[in-house]
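Here are my notes on the model, as numbered points. Please read them with the sequence and the structure open.

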Amino acid sequence: MPSQASSWQDSLKAFLHPRVATMFFYGFSAGIPLLLIFSSLSLWLREAGVDRSTVTYFSWAALAYSFKFLWAPLIDRLPVPGLTRWLGRRRAWLLVSQLAVALSIFTISQVDPSQPGALNLMAFTVVALGFTAATQDIVIDAYRIESAGAELQALMSSSYIAGYRIGMLTSGAGSLVLASQLGSTSEVYSYSAWQSTYALMALTMLVGAITTLVIREPDNPRPDAFAYSSRQYLRFLSIFVVGIATFVAMYVITGPEADSLRSQLKEATHNSALAGLVVESCRLALAFAVVYIVIKLMALTPLYEKQLVEESYIEPVRDFFHRYGARLALVILLFVGFYRISDIVLGVISNVFFEDIGFTKTEIATVVKTFGLFMTIAGGFLGGLLAVRHGVIKVLYLGAFLTVATNLLFLWLAHAGHDIRILYVVISADNLTAGLASAAFVAFLSQLTNVSFTAVQYAIFSSLMTLLPKTIGGYSGSMVDNLGYPGFFLLASLMGVPVLGLIYMIQRKGAFKD
């Protein structure tokens with residue numbers, strides 16, 4: 001039997017495996033877009049004179065990550081003309097999505113949010129970035145799961161998180177420092193500084209594109225993936241296009257009525273966050289209901305490829321419920337939807353909070369982005385090693401408990417105000433925990449996925465992971481206005497408590513064996 005030290009050495013050496021190393025570069029590519037939608041964009045908009053509530057609404061652009069399961073079957077089934085034959089099933093879509101992300105970031109750089117009417121155009125370009133970045137995530141997740149066995153998934157998750165956080169450092173701290181050096185501050189706004197910053201961020205996507213051209217295609221577990229004719233694929237694509245067009249049309253049509261109802265509820269409840277949440281939830285449900293009806297009507301036309309639709313959308317869901325049973329499958333999905341709620345909701349407003357209590361962009365870049373990055377990477381590697389050594393479930397427990405505990409530390413910072421020492425302590429604890437929990441969670445989701453339905457099933461899991469947190473996070477600015485920062489941080493922390501009970505239920509029912 002190998003010694004404990006030898007086992008630890010073997011685990012550490014596994015980080016040098018080519019597939020594990022590849023995930024570092026893909027993590028970097030996936031990490032670039034997120035903060036260009038969240039914190040960096042938030043500070044840009046604030047410097048441009050946009051009010052805080054409107055700033056946090058822009059975080060909804062990242063809801064594309066939460067709805068990516070809707071077009072994951074397209075990515076799984078449709079070939080890219082010309083590229084699929086040359087690069088293969090996954091690499092073709094990787095290259096297309098990475099170039100599309102770069103183009104979206106560059107397009108954002110061409111919009112000045114301080115100009116009259118520019119916020120609508122800015123919203124459109126940010127949504128495009130969310131969509132293309134989520135598409136890249138779909139393919140990276142599928143590539144990770146298909147390219148290696150379960151024994152490497154925890155370490156690949158750790159490597160991915162390390163690259164992801166460095167990508168976030170580049171688009172987070174890097175963009176803040178760059179914009180500041182080019183002349184944009186909270187006192188003096190400079191559009192040209194932010195324009196140059198986002199244009200340079202677009203170039204960083206070359207890292208992912210070059211990686212895609214260098215690696216080899218993973219084995220295809222579904223040789224029938226491209227078994228249909230071009231005409232059938234176009235019909236399949238038309239269903240998605242009509243569905244999206246219907247969804248957007250419903251949002252445009254219901255806009256005026258939603259604004260009126262939101263104002264009435266706000267007057268009745270004296271709570272703008274609650275009023276907004278209720279109205280937007282109803283609006284979202286109505287839009288989905290109309291889309292469902294339209295697609296059901298399309299099923300009566302020749303456009304509807306019944307077998308292709310069933311294989312792409314129905315079979316992956318049926319497979320998951322068949323493997324775990326209806327009751328346990330629902331518990332797992334509930335757990336997936338709640339595991340990161342505390343962190344994501346708090347994270348949407350965190351940069352604005354730091355600036356509101358007196359920290360400069362340079363201090364935020366140094367402590368939150370740069371120092372915090374290394375703590376997250378350390379947490380990710382620690383989480384991966386602990387998952388390999390002690391099992392994923394135990395690390396999930398640890399991550400859930402520490403998330404609640406460390407998020408409560410923001411109450412301390414809110415009371416202390418501008419104290420750089422306390423900021424270091426809070427960021428150390430929070431980011432170390434985030435890295436540890438994320439590594440275990442990604443490994444958990446990867447092992448729940450059937451390799452025959454990789455892209456779709458993992459897209460469903462990762463979409464649920466962010467749907468509720470990001471929906472609520474869009475109201476974080478309004479919640480702070482109503483509760484104050486201490487009340488908001490307490491509420492955000494308590495959101496993570498039910499997760500511990502859900503982990504216990506999953507473990508007790510034997511859903512996941514380490």
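1. Terms and basis. A residue is called buried when its relative accessible area is under 20%, exposed when over 50%, and partly exposed in between, with a 1.4 Å probe and protein chains only. This is a predicted model, in which local features need pLDDT of at least 70, side-chain atom pairs count only at pLDDT 80 or more, and totals for chains, interfaces and linings use all residues. Residues are numbered from 1 along each chain as its sequence is written, and side-chain values use heavy atoms, with hydrogens and water left out.

2. The chain overall. The protein chain has 25 helices and zero strands; these are DSSP runs numbered from the N terminus, H or I of at least four residues for helices and E of at least two for strands. Of its 514 residues, 56% are buried. Contact here means heavy atoms within 4.5 Å. Among contacts between residues at least 6 apart in sequence, 83% join residues at least 24 apart. The chain exposes about 21,100 Å², and carbon and sulfur atoms supply 67% of that area. Areas come from the Shrake-Rupley method with a 1.4 Å probe, and for residues only the protein chains shown count as cover.

3. Nonpolar cores. A nonpolar core is a set of buried Ala, Val, Leu, Ile, Met, Phe, Trp, Tyr and Cys residues joined through side-chain atoms within 4.5 Å. The largest one holds 99 residues, and Trp71, Ile105, Phe354 and Leu413 touch the most other members. Helix 8 (residues 118-147) supplies the largest share of this core, 11 residues. A second, separate core has 35 residues, including Tyr324, Leu328, Leu448 and Phe461. In soluble globular proteins, nonpolar side chains tend to be buried together. For Ile105, the contacts beyond four places in sequence are Ile32, Leu36, Leu129, Tyr198, Met201, Ala202 and Met205.

4. Helix 8. Why call this helix largely enclosed by the rest of the structure? Because 22 of the 30 residues of helix 8 are buried. Helix 8 spans 43 Å from its first C-alpha to its last, close to the 44 Å expected at 1.5 Å a residue; the expected span is 1.5 Å times one less than the number of residues. Thr135 lies in helix 8 and is buried, because its relative accessibility is 7%. Beyond four places in sequence, Thr135 is in contact with Trp71, Ile75 and Ser97.

5. Ala30. This residue is in helix 2 (residues 18-37). Ala30 is buried, because its relative accessible area is 0%. Ala30 and Asp137 are 107 residues apart in sequence, yet 6.5 Å apart in space, C-alpha to C-alpha. Asp137 is also among the residues that Ala30 touches beyond four places in sequence, along with Gln136, Ile140, Tyr160 and Tyr164.

6. Helix 3. Eight of the nine residues of helix 3 (residues 39-47) are buried, and the helix is mostly covered. The buried ones are Ser39, Ser40, Leu41, Ser42, Leu43, Trp44, Leu45 and Glu47. Gly49 follows helix 3 and has a positive phi, near 95°.

7. Helix 16. Where does helix 16 bend? The bend is about 40° at Ile314, with a proline, Pro316, following within four residues. The bend at a residue is the angle between axes fitted to the seven residues ending there and the seven starting there. Helix 16 (residues 306-324) has 19 residues and reaches 26 Å between its first and last C-alpha, close to the 27 Å expected. Pro316 is buried, as are Leu308, Val309, Glu311, Ser312, Asp319, Phe320 and Tyr324 of this helix. Just after helix 16, Gly325 takes a positive phi of about 80°.

8. Two buried polar residues. Asn407 is in helix 20 (residues 392-407) and counts as buried at 0% relative accessibility. The side chains of Asn407 and Asp343 form a polar contact of 3.4 Å, that is, a pair of N or O atoms within 3.5 Å; within protein, one must be able to donate a hydrogen and the other to accept it, and residues adjacent in sequence count only if both atoms are side-chain atoms. Thr197, in helix 11 (residues 191-203), is likewise buried at 0% relative accessibility. A polar atom of the Thr197 side chain lies 3.5 Å from the backbone nitrogen of Ala179.
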